[in-house]
Amino acid sequence: MSASAPSPARRWRLDDRTTAVVLMLPPALLLFTLFVILPLLDAGYYSLFKWNGYGAPSEFVGLDNYAQVLGHGIFWQSVRNSVIVLVVSIVVQMPLALLLALLVYRQTPTNAAFRLVFFLPYILAEIASGLIWSFVFDGNTGVAAGMFAALGMKPFFILADKDWAFFAITVVVVWKYFGFHMMIYIAALQGVPAEMIEAGKIEGAGRWQIVRHILIPQIKPALMVSGFFAVVGSLQLFDVVIPLTNGGPSNSTHTIVTYLYAFGLTRLKVGFGSAVGVILFLAAIVVAVAYQRTLNKEAAR
Amino acid sequence: MAEVQLSALNKTFGAVEIIPQLTLTIPDGSFTVLVGPSGCGKSTLLRMIAGLETPTRGSIHIGGRDVTGSEPSERGISMVFQSYALFPHMTVRQNIDFGLRLAKVPAVERDARVAKAADILHLQPLLDRKPAALSGGQRQRVAIGRSIVRNPEVFLFDEPLSNLDAALRTQMRVELAELHKRLAATMVYVTHDQVEAMTLADQIVVMNAGRIEQVGSPEELYRHPQTIFVATFIGSPKMNLLTGPIAEERGATTYGIRPEHLSLTEEGGWSAQVKFTEYLGNETILYLTSELGELTLRINGNQRFGTGDSVRVKADKVHEHLFDGKGRRIG
Amino acid sequence: MNMSAFFAGLGRAVVLMLVSAFVLGPMLVTILGGFKSAGELRTNPFGFPQNWQTEFFSSILSDATFWRFLGNSLFISLVSVVLTLIVAAAAAYVFAQIRFFGARWLQAYLLLGLVFPFATAILPLFIKVRDLGLLDSYWAVILPQTAFGLSLSILLFKTFFEQLPKELFEAAWVEGCGYVRFFWRFTLPLSTPILATVGTFVFVSSWNNFLLPLVVLNSRELYTWPLGMMQFRGEYVVEWNRTLAFITLTILPSVAFFLAAQKYIVAGLTGGAVKG
């Protein structure tokens with residue numbers, strides 16, 4: 001506030017601005033700090049202790065929790081699984097979503113109907129999706145059972161197979177999320193000016209050439225955003241795994257978050273679980289920074 | 001270079017008939033301008049020639065070939081869009097030779113054609129830039145360059161100057177006229193601006209509600225407009241139209257005289273009061289209320305008048321126009 | 001139509017039908033499965049039931065705990081929506097309209113939530129909720145959920161508010177309208193599209209949330225439907241048909257809601273993606 005006395009009208013306006021800020025900003029700040037930032041800081045703090053969650057943390061162990069995590073084979077298996085999901089998302093899911101987006105982005109009633117159908121899995125809860133597919137894969141009574149019976153083969157319980165169970169999980173992930181990526185691409189495709197495509201047509205570009213030379217370069221930002229979500233999503237996979245395999249068989253299908261839940265939370269090893277959480281956090285930061293860097297590089301071009 | 005022949009074209013969208021029945025010949029090597037108000041169908045017509053829209057009925061011939069069912073790239077045409085439609089992720093050079101690369105034209109010939117186009121349009125220093133780094137006028141030249149390298153039989157322009165500011169527009173008009181002379185190409189040009197039409201065209205096609213009102217040279221349209229629509233569309237300020245005794249005593253329903261063909265006189269003529277004056281430096285426009293109705297008058301030079309001044313107005317009899325009850329020209 | 005266009009059209013139709021089968025297949029099998037007897041599930045997984053067994057559906061629908069689960073989810077989701085809309089819109093408004101010292105820092109601070117994975121905080125959150133005495137209550141879910149959704153919601157609101165014409169505020173300001181009153185009288189009424197978009201986004205996220213309620217809710221009476229569903233599954237592990245009926249009944253509200261509000265759902269879920 002200025003040193004000289006402001007005129008009454010001016011002073012009222014200054015106060016009004018302050019009132020607005022003081023009234024409208026703190027609730028968000030309070031909620032956010034209390035339930036997001038503080039727990040994150042706590043995670044870092046707790047990760048340095050061996051603690052079962054009761055009373056106060058007293059047994060300081062330094063980086064021992066981290067050593068335990070990084071020395072645990074199952075943890076590395078879960079990291080490997082998260083990477084598998086990531087790769088499948090980028091190599092299978094995104095191209096599938098792009099293909100479908102190219103097929104249905106024009107505004108026609110049939111296309112609108114298909115778009116709706118393809119987006120449907122995304123709005124179902126992950127937990128419900130996992131349970132549905134748990135039935136589909138069931139060797140006794142599910143769709144898988146029916147298919148094997150029809151082929152005259154013995155039932156194969158894919159979810160009980162150490163080597164193939166996670167593959168089944170990735171199928172569910174693709175099923176659930178391809179529609180989301182497709183919608184992002186469709187929004188971008190619909191933003192490409194019609195005259196640009198027409199100019200391409202006049203220059204002699206066929207259907208595929210228009211896609212390759214005009215459409216895909218124009219939707220690059222959408223591809224980047226979708227890739228970012230794919231990476232972030234693969235790090236946080238939890239809900240689908242629980243109903244399908246719960247991390248089994250023999251801990252072969254854990255993801256980082258199910259690992260945290262099983263080995264940290266259910267066993268009340270708060271320090272250990274927090275360490276996993278911090279590692280996850282660092283991975284997320286790395287991804288975010290890499291993404292931002294790539295964005296900046298693209299913008300400079 | 002080729003002649004374009006449009007025969008009995010009809011374009012209907014659902015229940016709406018945009019173009020009922022249109023027949024038109026665009027002579028080889030001419031600069032033909034399609035002009036008319038928004039919604040008159042001129043862009044639709046151009047897009048049908050380009051192959052971006054298919055006619056509901058009728059046929060289109062370019063250079064004697066029936067192209068009604070052909071793809072745009074097979075018609076021997078090229079098009080400059082209102083928004084230029086440049087590819088933002090490609091350089092100027094890549095934008096211009098895009099079609100040539102698709103057609104697998106050898107690099108040597110490609111570069112030669114690009115160089116020639118760049119030379120005509122003064123684009124050489126810009127060849128490696130991206131469209132985002134260019135001004136509006138430069139982007140437009142790139143769009144024209146892309147058209148030229150295709151060596152098309154017919155050039156199509158869809159309101160190419162609409163997105164430019166006034167000064168740039170005047171400059172580009174001159175350049176387009178020079179381009180036409182240099183390439184000796186058939187050019188079909190769409191605009192809603194009658195000044196562009198009058199200055200650029202060999203042949204003007206005035207359109208209204210999907211129909212052709214009149215086809216002719218700028219001079220023909222100016223001197224002998226066949227309908228009231230053409231008479232008021234061409235020429236600015238608009239032609240004065242008067243009904244009543246002045247028309248009836250000449251055997252017509254409407255009497256028309258352009259503002260530049262009215263002059264002030266000391267005696268005789270009609271009496272009028274000055275309502276409003278516009279001073280444009282080189283000319284003065286007077287808005288008058290006269291015994292015959294509202295009149296607009298144009299005089300050379302800068303003359304001062306006060307509101308309410310009384311004047312007397314006379315018409316140049318050589319340039320009188322008469323129209324019947326249906327708006328058609330008499331005599 | 002020429003040959004290549006015909007084959008392209010045919011190929012397109014085949015791909016679309018195959019993918020549709022992939023998407024709808026599991027859902028149809030689930031819905032139909034709830035009507036089949038255990039034996040029939042084995043022998044006829046794909047087709048329509050010979051006899052429509054409605055007992056599973058009716059037993060679930062007549063079970064008060066089922067409705068309790070749905071009611072819990074509904075309450076939590078609605079309160080989360082209302083809380084998020086008010087808190088996030090207010091904060092976003094301040095950032096969009098008011099310049100003050102430190103604004104940019106606070107903005108960056110609040111947007112940090114876009115990067116942090118929820119799972120990192122789940123253990124400390126459990127501790128904190130317990131220490132606040134909120135464990136095993138609706139608020140144990142509502143408050144953290146809202147907090148984690150704030151970053152994206154504030155971003156969406158801010159982008160929208162920044163696109164409102166500035167002259168509107170200036171005209172109101174000249175008439176003596178203050179910032180807060182402008183927010184209630186002008187900004188909010190003009191923001192119905194973004195309110196609907198953020199609202200549906202928050203609602204769907206909350207409705208489907210599993211991990212948070214799993215950690216902070218212990219009493220069965222408070223279970224949200226995902227928890228209820230998993231517990232039901234545990235009880236009836238061998239009776240898939242019963243479980244399928246339960247799943248069907250829980251996904252029906254989601255599907256119905258989606259069909260009714262698709263415009264906003266798509267806008268919210270993907271708009272957040274594109275902006276982010």
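How many bridges join strand β1 of chain B to β2(B)? Seven bridges do so, and the two strands run antiparallel. The model is predicted: local features need pLDDT of at least 70 and side-chain atom pairs count only at pLDDT 80 or more, while totals for chains, interfaces and linings use all residues. Residues are numbered from 1 along each chain as its sequence is written, and chains are lettered from A in the order in which they are written.

View 1. Strands pair if DSSP finds at least two bridges between them.

**View 2. Strand β1 of chain B.** This strand spans residues 4-13. Its residue V4(B) stands opposite I26(B) in β2(B).

**View 3. The two domains of chain A.** Chain A is divided into domain 1 (1-41) and domain 2 (47-300), with bounds from an automatic or database domain assignment. Their centres, taken over C-alpha atoms, are separated by 40 Å.

**View 4. Surroundings of A88(C).** Residue A88(C) touches A28(A), L150(C), S153(C), I154(C), F157(C) and V198(C), leaving aside residues up to four places away in sequence. Contact here requires C-beta atoms, placed from the backbone, within 7 Å.

Methods
Two residues are in contact if their C-beta atoms, placed from the backbone, lie within 7 Å. Helices (H or I, at least four residues) and strands (E, at least two) are DSSP runs, numbered from the N terminus.
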